[in-house]
Structure formats: C-alpha cells, structure tokens
Amino acid sequence: MPKPAVLLLKDGRKFHGKSFGAEGETTGEVCFNTGMTGYQEILTDPSYCRQIVTMTSPHIGNYGVNDDDIESAQIQVAGFAVKEETVIPSNWQADRSVGYYLRDQGIVGIQGIDTRALTRHIRDKGAMNGIISTEDDDSKSLMKKLTKIPDMSGLDLAKDVSAKEKYDWSGNGDENQFKVAAIDFGIKYNILRLLEDHGCGITIFPANASSHDIMAFNPDGVFLSNGPGDPAAVTYGIKTVRELLGKKPIFGICLGHQILAIALGAKTFKLKFGHRGLNHPVKNLETNTIEITSQNHGFAVDLDSLPDGIIPTHLNLNDNTSEGIQSKEFPAFSVQYHPESSPGPHDSRYLFEKFIGMMQHDS
Amino acid sequence: MPRRTDIESILIIGAGPIVIGQACEFDYSGTQAARALKEEGFRVILVNSNPATIMTDPDLAHATYIEPITPDYVEAIIRKENPDAILPTVGGQTALNLAIDLHKNGILKKYGVRLIGAQVDAIEKAEDREQFKIAMDKVGIDTAQGGFVHSWDEAEALLEEIKFPIIIRPSFTLGGTGGSVAYNFDEFQELVENGLQASPITEVLIEESLLGWKEYELEVIRDNADNAIIVCSIENIDPMGIHTGDSATVAPAMTLTDKEFQQMRNWSILCLRTIGVETGGSNVQFAVNPETGRCIIIEMNPRVSRSSALASKATGFPIAKIAAKLAVGFTLDELPNDITGKTLAAFEPAIDYVVTKIPRFDFEKFPSSSGHLGVQMQSVGEVMSIGRTFRESIQKAMRSLEVGLDGLEPKPPAEGDPDVSRARELDMSALRFGTAFRLLKIQHAFIDGQSVDDIFQITKIDPWFLNQIQQLAYIQNDEISKEASLRELKQNGFSDKQIGRMLHKTELEIRELRKKENVLPAYKVVDTCAAEFAAETPYCYSTYDEENEIVPLDGKKVIILGGGPNRIGQGIEFDYCCVQAVFGLQDRGFKTIMVNCNPETVSTDFDLVDRLYFEPVTFEDVLNIVEFEKPEGVLVQFGGQTPLKIANRLAKAGVPIIGTSPKSIDAAEDREKFGSILKTLNVSCPEFGTGRTLDEVISVSEKIGFPVLARPSYVLGGRAMEIVYSKEQLVDYVSRSADVTEGHPILIDEFLEDAFEFDVDALCDGESVHIGAVMQHIEEAGIHSGDSACVLPPYKISAKAMDEIIRITTELALELKVCGLINLQFAFKKGRVYLLEANPRASRTVPFVSKAANLPLARIAAQLAVGAKLKEFGLHQWDSHHHISVKEAVLPFNKFPEESIFLSPEMKSTGEVMGISESFGQSFRKASVSAGNMVPSSGSVFISVNDGDKLNIISVARDLKELGFSLTGTSGTASELNRNGLKTETIFKVGEGRPNVVDGIKNNEINLVINTPLGATSRFDEEAIGRACIQKGVLAVTTLSGAEAVVRAIRQQDSEISVYSIQDYHSRIFAQKSDLSKIPVTA
C-alpha cells in the first residue's frame, strides 16, 4: 500500500491522498491541465518547471510510458497530482508504468485526491504555490516550507531548463534546406522534430545566447522556444530578440511569443490560472477559421499594450486573450499556443510552413 | 457566417417507429433540431410516423405531420407546405434513405427543395462500401486490407496481401447473411466460390479479419467554414465483431496514447472533408490492432446517431442542436456553449469522469435467439452512467439496467430459488462469445481466480478494463471487503445492497451506517470543460469524492423519476410522459428535477429541467437525491414500472410521493384487494385467482376452467404471460417462469376468447374524472395491448357497453382515489363488459391519445398531482374529434428470424406508429405503411385459418376476391371457401409436397398471407411461413380482425394520398375554451 500523502496549498486548503511516484516532498505552483491524453508529454515538457501539475482526467497512466513520447530528456514537473494511478498499463508501446517513471526520476506525486475540487479551487482562487509531502502531515510546518517558495511572477526559469551549451539537433546540416538557430528557453522536442521534418537543420542555443552569437552562426531563421516562468524576467532573451529583429526571420512559440511581444514593445501579465489543455479554441484572424490548440501558459501578452507595430493574428475564443502576433515591420511572428502539439491537436502545423516561407522569402 | 437568409422553411424528417438499431435517440436529436431551428425564426415542418415522440408534440413545430416516412407521403407534404429545405441528418438511417429516394425520384428537383446538412453525393459516398474505401485510400487513411473481387483468380491474387483469418462477404445477397471467416486456404476457396455464386452480381468482398481489434468511435462536427471539432471519443469494451450498439462502451477513450488519438482525430476530420459532409455531426469508427497499434477506418455516418446522442449526454455538448444551427449557416464560433454560458461551441469538451454505456437486451422475449452478440444489433435500449472512476461508473451502469443487478456482480441466488442454474459453476468457454452479461461472467471468473491474461486471450477485451474488473472482484473478497472503509467501497461503486451482502447487513443498515460515518454522495457536474469554467446549466452525477459542489435547488420543486433503459414493454412512451410532466409542473411554477439514466432520451436533455441527475433510478440513488434536495414532492407515475417498483419503499422511507398514492397503486395491483373493490362497484371481470405454489396454481386454474391467462405479478409488458389451454401446459409454464416471478405469486385469469378489447386513458383529480380516450383494439383479446393495433374512436361497440365502460372508469378512478392518470383495459364479449386491468399511472397509449385528441394527458396529470383541479382545464368531450387515428405496433421479427411471428399476451413490439385521416381504411393503411407492412393492391392471397375462424373468414375472402385478389389456401381452408362459391386454389403445406406455400411466397406468387394460429401441431409450418414472409416483405396477418382491417386498407388503395398536419386536425376538433391554449409554448 502506498504511503499517505498530503497536498497543502498556500491558502491553507489541504488534500489527503496517497503517495504516487517517489516518496518525499516537493513544492511548486499548482496548476491543472484538462487534457485527456498526453500525460507523458506533459510530464516532460520543460515549461512545467517548478510546477505541480494536476490532471483533471481521473485515470492517469492507462497506456503507461514509452521511449518515444518524451518532450525533453527527463521529467520536468515539480510534482504530479492525480485522482488515480493506473498501476498496470495497457498499450502495445508501454514499457513502464507512470508510477515507476516518476519514482525512477525521483518525482514526488500524490493520488487519490479530489482533483476536480482542486481544479475548482485553483480556478476560483488562482494558481498558487503548494507542497506535496509523504513525510510531513503537519500543516504548520508544511506551510512554513511553503512560504519560502517564491511566486511565479518575476521568476526567470528559462535559464534553469535551457541547454547550457550550443548543440546541433540534426547532424547533416548540408542536406538541409534551412539553417535554424533555436534559442532554448525550455524547448520541446516535437518543435525540433517538426522543424527537421520541414527541412531545417537546427542548432540549439542556450537561453542567454547573444545576438552576436546567433548572427555569427548566420542562420536562415531564428526560432524562439517555449519555456517556463515569467517572460518579463528573461531580460537577456528579450534583448537578444530585439537586436535580431529585422535581421533574420523569427518564429516564436509560447514563452518565445511573449518574449517577441515584449521585444516589440508589448507587455505581459499573469493569468489567474493559465491555459493548460488540449481543447482551446483559437481564431486565426487572417483566415477567420478556428484551430483547436494545445496550450500551456500562465502568462499572456496584454492585447491592450500592443504597439502599432504589432498585428494581432490569433485570438483565444474562450477569454479573448492574445494567441498570436505578427510584426508589421519585420519578418517576425509568434503564437502563444503549441502548434507542435504533442500532446494535442495537429490543427496548427501550417505555422511551421509559414516560418519556412519566411526564410525562403528572406534568402 | 450568420444564419442563411435564402431559406425560410425547413422540413425535418424523423426516424419513424422505435426499432432495434434506431430508438429514441432520434426523438432527442429531432426535438433539439426542431427547437434550434424554430429559435432562429424558421418555419419548421416535421414528419414522423411515431406518435410517442416529443418531437411530434404540436408545440414543437409549425406543422407536424404524423404520416408515413415514404416518398409518396413526403411528396404530398412537400407539395402542401412547399419547404425551402429538408434537414435529413437528424432522423437516423430512415431520414437519410428517404432523402436519397426523394432525390432519385426527382421530387427534390420538381419542387425546388434543397437538402441541408448533408448532400446526396456525400451520403452515397459514405454509405457505399466500395466508394468509401476508394475515397479513404486516396487520402491516405488506412482501411482494412482486401477488396471486391469478381472471380477466383482475383480472389487468389488478394491472398498475397492479406493474412488469415479472412472475412468473405458476398455482395447484395438476399437476407444479408453477413460475412464468413476462412482460416485456411481450402476454406477460403470454398467460401469465395460459394460467395461468388450466391451474389447476384458475382461479387464478394474479401477483407482481413478485424476480430479482436479494439474499436473506437469519434464524434465530429464540421461547419461551413471548414472548422472541425471532436466532441467525444468512445472506446468499446467489447472488441471488433460485436455491433457497437451492443457493446459496452466508455467515454473518453481510455487506452490510447496522445499520438494514437491525434491520428484518429486527424483522420476523422479528413474523412468528413473527403466525403464532403459540409456541416453537422458525423461519427467515424476505427479499429486498432492491439499488438501493433495499426489503426484503420471502419465506417462513417454522415448524420447524428445513437453514438452522438451518447456523446452529447456524456459531454454536455448538444450535437443535434449545434448540427441544426450549422446546417442553416452558422459557424461554430457564432454559437454559444449553453452549458458554460460563457464560452463558445467552438471547442472540444474535456471530461473529468468516466462514462459507461451498457446496452439492455431482451433475449428472454425471443427464446429462439442464441443470445450471442454479433455484427447485427440486438439490444433494445441502453443506460449511461457517470462515475469518477471506471469501476464506479460501470457498477452504476449495471444497477441502472434494472435487470436485478446491484452492481457488476452476478445476481445472487434468491433464497429457495428453484433455478439452480444461477449457482452453477462458470464455464470459461462461455466467455468466448459476447453475450448480454459477459462482463458479469468475467467478474465471476476473477472471483474464481482466473488471470487477466487468460481472460484477455479468450475475450480480447483490453487488459485495462480487465484489470479494473479484477480490482472489483478483489475487493469483494471477504477478507478485503471487511477491511475496506465504507468510503472506499462506495468509491468503487458498490451499492448499499452489495455492501450489505459483503458485511451481512441489510441495505438500510448500510445506509444508516454510511450516514453515521458521513459517507454521503458528493454531487459533481457535467460541465463540458473539466471545471475550467464555472457552468450555468450543468447536470449532476453522484460520486464519493471529497467535494460536493452543488447546493439544493431553490424554491418549490418536484422530482420526476424517469423510466430507465428502454426495453420491450417500456419505451419512449414513458419518456414522453415524463417530459410532459415536466412541462405541466413548469406551467404551475414548480422547479423540476429529473432523475434518469437513459442517454437516448429527451428527458435527459440538459436544458429540459431545472436540474438533471444522471443517476440510476434505484431506491438508494433516488433516496440520496431526495434527502439532499428535500423536494415538495416526487412523481412516480410517469416513468413506467421503474419508479413504481421503488415507490413503496420510498414512501416508507418518508419520501413525499405526490399524485396517486402508492397505496392506491398497490390496491390496483393486488388482485384480492382489487377484486373486492370491483365487487362493491358491481364490475364484471374475468374470474381470477392467485397461486404461490404449483398445486395452488393448478387448483385455481381448474376452478376457473381452461383456457386461462397465466402471468407473474409485478411485470410490465406481459412478460412471461401466456394463454394456457391445459394442465400439462400449466405445469410447463410454471417451471419456466419461476425465474421472473422471484417469490411474487402467479396470477391466473379466465381467458375471454374472441372478445373485443378496449383501452381507456382517463384523468382524475379525486373529485371528478375526465375520459381521455376509449380505444378499440383491432386484434382480439389474448394479444398484448402493446402489440395490438388500436383505433380511436372505437369502431364497433354498442352504446350501452360504452356507457358501462365510462361508468366503470369514472367510479373506479374515484374509488381508487386516483390523482393523475389511470389506464383501464376492458373486454367486450357477448354483450357484456369485463374489466381486465386498471393501472393508476401513465400508460403506453398516453402519447397516442395526446396526439390524436389534442389532449396533453400527462401534462395535465402532473398538475393534478400538485393540486390543480380538472375543472380548471375546460376539457372537451373525449369523442368530439372528427378524424380517425390508428396506432399500429412495430415488431422486431426481422432481427429474430427464428422467432414465431404470432402475437401473444407477451409483448414483443419495440415501437409504434400512428395513421391519421378521416376514414378508418385510410388511417389503417397509413399505419400499416409506417409500420413497414406492405399492404398489397392486387395479386394472390394465401389463407389458412383455424376452425374457430373458418366461418368469419368467408366474408374477408369474398371482399378480397371482389377487390381482384386470387385465393389460395391449405386444403381445409380452401375446401371451406370453395363450398362458399369462392374459387380457391389448394396449395401444399410444408412437408405435404412441393411446391408448397413457402415456395409460393419465395417465388413472389403470394402477396398477402392470412394465417391464424392452429395450435402447437402446425407450429413448424407457421414459423416457416412467417420467416418466408419476413424475408420477402410479404404482409402476414395472424388475426381475423387484422385481416378485416387490411381489407379496408386495400379498399383505400386508389384513393389519393391526403395529408394534414396534426395542428390542422386539432383545429378541427370541437372548439374548446380551455386554459391549454394559454399554455406557453414549451419549445
């Protein structure tokens, strides 16, 4: 029988459950994801750095985990909270259970809690820090530990998850049509896989790469990746992007979108509980069509702050927040959501073609 | 794009009668569509032959035609109404087929009507296997390997691509024998050669076998801007090989990785685009090889379906409503998500619970069927349940089925149960076939210690589901269950009854214990978004998670208990009554709460009531809701037997049952109590008695005198009811029906042979009585009223007898202190009126009467229950209308080809149709056409009748002769007719020689069969005739009065088709000054 575990939120709400994955203690900002598939991709998405993710879907682990469905080299979430773990997975690809996967990488989780109640709480009160523990059940002492954790606002996490050194994703650069410099703020593998599929040879640069570093590489285009934390805190990235504007075609996703927007003069703000799921409707304002998108962000670009130089291209239909922009002046565009999906719908893959088109046009 | 302005009026085609494979889900979708289009200001015209539907309620459309859904009749409607467009996608296969026919016959073109929602070429491409396969291959969607071949050489060539086992399916064979499986080359050669020979176009389809593959369905919606969304994914627990309608299914899909699911999603949307479904909902089916993950597309339906109804209820996304709006030009981002009230229809629902659907079967009604499930659908209804885990969900589904199960656990043997079979050991080989209760056998196998792998090898059910069932079996282990906390047990879905059995306590003791430990249900809601947004009109389900997120509804409120799963004997009619009761209570300012578990129905639509509990209609679950909501009253008289069965216990537990009291309902059910009431009222009834043991039953029967009518008490739909002619037969009967009686006594009635039967529906407020209708059955006594055609008003009864019927109805309703509806059945024989039955509750005929007489009986009855008086309604005389309405039953014999087609006291029909016109013949004709009975206009009639009918058949035969029919008959009947100057050819019975009557039917030489039952000896003959008739679509009449009615219908052959809307008919009913005209439109 798994050990008892607790999840305590910063406002005092406490959930009692059982240990899931590794035993121990972990802290992070508690957020929920409404996706009904894709927990392995979510676990390994670097954008979830320092976050405790709860899945609204009740049975987690049904199809186990495998070596293919990863979005980075390791599990990235700070903690994992579910209604129920599936101990014995069933899928032809499964080679481990999700519980084993978490234990193996020392990730602390909790199961057997009312995840819907937790979700409703976060929805009403906003995303907040929390602590999962299998060792300590005392609210006072847990709360003490919890107060030491910084808030997500103002936090630069990109530097933590970024590659420390430049490296090549795909080796045989000569055969590739385009040379792409990807700035890694916490990049997901599937972005790289798709760029590769589109004929790009990619070199990954650390988050703190300077515009000089990038220009020295002389890429056909620059990609700004997704990543965790507050975009406004990634000042070095914003600086780099500002300096690259107009020099190379730029495509940003998620944190990359926010960084591009700030570089172009817009502001960002923290959403109450963020968008995390696979079902967010986004309207493409150029074609007037709807894409069902995969999303994972706690901050957003403030539409009211967009300077004249930015055209909003995509809008979230749930709350009318910014989902995409394009610079009037420069060959630069970005989207807040995840066109690379993984997990999630594949409706927005055309954006990669758009980037290719920009690089073609530019060369 | 906003609403289209180029169309103003739209004809919605309904699905017709409830049949196996097409049930009340199309009332739900048709009702939603009609409301949605009306809301947008269109003139809505509607055709459906099924009077038991909400969609044919006069309030719902501007013009409602209860007419046959055939090209002739629909052309007449088009001619009259001149609609701009036809919506064919909400009425099942019936509506799609009709749309194609209207196109082929040039009717669409002739009247300049266009189709909306789906175009002809898209429908054809989706329906034609070969075209579909080619289209899918072209865009890179994988299909089953194989193809159509026209020679052995072509077939042999295919062997290079496909591995054994291989399915061989001859094209266009009569009777559609389906596919056969070849496991080796020899079998393959034999089956292909036979198949080529059997196919009239020398074509067979050869495909790789998908048996044992996992099966999925995706519900897709597309709008005219090419936006597409997936509403829901559904995973079948039963793998490929069992019709998806007969499979237990769950939503969302449980065992797919994101990459696998996204491929299905992509293909679903690509499929719609490729087939050309412009707007609306479609369902796309896939099979996945469990070993390799290879996914192939099976088929798609370019319309709303049973699965889309399920998907709507499972997610809160009203597919039919949205599809209707998309069909008239809107795009998804222009339509609101009505559940959240804040977001749009352009999104994909996220669900944070597990939905389980389990079909309900009625195999016991069709003893000839093997009970094995296959590619042809056999279930008659379904339940849906919601839980936070699969285990909780499936246990709730099992107890929702109302087949005596308390959860996923075989029925416990009752004390002193004579049927030892229940305690028998499990035969593992029985798991190989899908059956109604295979999941229970699997649970049993786990209790017996079988492993997941063993069971997987036999069943190919995904191990994920098997593991979950094994967990339930594990908990039931004595030692484990004793240690588990009550909360844990409840979280695993165990009912109080099950827990009681584990802990050797009663259900009520467990209930008390639970309350003491504060283990109470938490109600959570279906909100389309997994709690991401607060919801405005969600619906609720119970679970035993931590947080209850709803508070009791404010204000005066009444709970209406629904009818649970459809089954033979209790179908859509009761859902109609429940929905009408809701309208009635709303008229009186009450808030309404519905409890039901049937996903197909209008009653479980999200915005019908103020609050919907999607819950099993059992004592435990209902009492939980009542204790939580504390309503002013609970209505039990509208949902059929389902709520009545628990009414007494609810009343005893302090639940405020309103309307007729359970005591009165009991008094009518209890033959002894009822008998003494009848005596005081001086009412004749057939002699009767009750027996609890075989000896008692025999002595009672002998005292009454054979033939007698034997039946168990407390059974609806005449289940296990038989006419018994001798003592031997009686002994046999008692031994067979022990299973259904379960300790309840067996009732014995004198059987009134050859009597006329009447049905009465009436209202009573305790002070006065209003007769709603007196209907006369066309079939004579001895045939279940649900299977009998009936006529309103009656066509053959003396005024004196009618007065007596009205007197008895009135006095009895008052005596029983009925507050609401009462249904009575009478027999009339030799100048005397007998009361057969009285049921103080909504009956199956309530919707028919309501439509025929423009009298919303159930709506009024609900108001009586909350204190309204009849006089407030200003009701008109029951017989003041000038049209004649005929109700005809629709029987499922084509699905059970081995079954006897003779009608009996046991109800077998699945649905009903109505014909309405100014003459009996015309109305009967319409009803026959709608029921699929092809009334011939000329040709040859075969007559074979029993001795009792021989004299009376002469006039029928003479009429047919005069109408130009030639007569044939078996030797006995033929000689009788010849002696009366009616030239009749003699034809052999089966076994007398060849060619015999069956050959005649098969050679299209016989166009009408009149064959009344001759008793057990000629059963073989009769069944062979019946089967041949079904195969060839020849009308077979099995009663004399039915034959007389057919003659009248034939007489109307050449008269012009005339159609009027029921609004028209109603306006011609004697002008009434009633409050009803002021009732707000409910649409």
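1. In this predicted model, helix 8 (residues 235–244) of chain A and helix 9 (residues 255–263) of chain A have axes that come within 9 Å and cross at roughly 65 degrees, and the crossing of these two helices is right-handed. Two packed helices are described by the angle between their axes and the distance between the axes.

2. As for the residues at this crossing, helix 8 of chain A brings Gly237(A), Ile238(A), Val241(A) and Arg242(A), which meet Ile259(A), Leu260(A), Ile262(A) and Ala263(A) of helix 9 of chain A. Sorted by class, the contact consists of six nonpolar residues, one polar residue and one charged residue.

3. Chain A also holds an open sheet of ten strands with mixed pairing, in the order 10-12-11-13-14-19-18-17-15-16. Strand 10 (167–168) and strand 16 (289–301) of chain A are the edge strands, each of which pairs on one side only. Strand 16 of chain A pairs with strand 15 (residues 268–284) of chain A in the antiparallel sense over eleven bridges, and within strand 16 of chain A it is Ala300(A) that stands opposite Phe269(A).

4. Helix 6 (residues 189–197) of chain A packs on this sheet, where it touches strand 11 (178–184), strand 12 (200–206), strand 13 (221–224) and strand 14 (250–253) of chain A, and its direction makes about 150 degrees with that of strand 12 of chain A.

5. Between the chains, 47 residues of chain B are in contact with 39 residues of chain A. On the side of chain B that touches chain A, helix 9 (258–275) and helix 15 (463–476) of chain B each supply at least two residues, and the largest share, six residues, comes from helix 9 of chain B. The residues of that side divide into 21 nonpolar, ten polar and 16 charged.

Conventions. Residues numbered from 1 in each chain as written. Chains lettered and ligands numbered in written order. Predicted model: local features only at pLDDT ≥ 70, side-chain atom pairs only at ≥ 80, totals over all residues. Pairing = 2+ DSSP bridges. Helix = DSSP H or I, 4+ residues; strand = E, 2+ residues; numbered from the N terminus. Contact = placed C-beta atoms within 7 Å. Axes fitted to C-alpha atoms, helices over the stretch in contact; angles between N-to-C directions. Nonpolar A, V, L, I, M, F, W, Y, C, P; charged D, E, K, R; others polar. Left-handed = near helix turned anticlockwise from the far one by under 90°.
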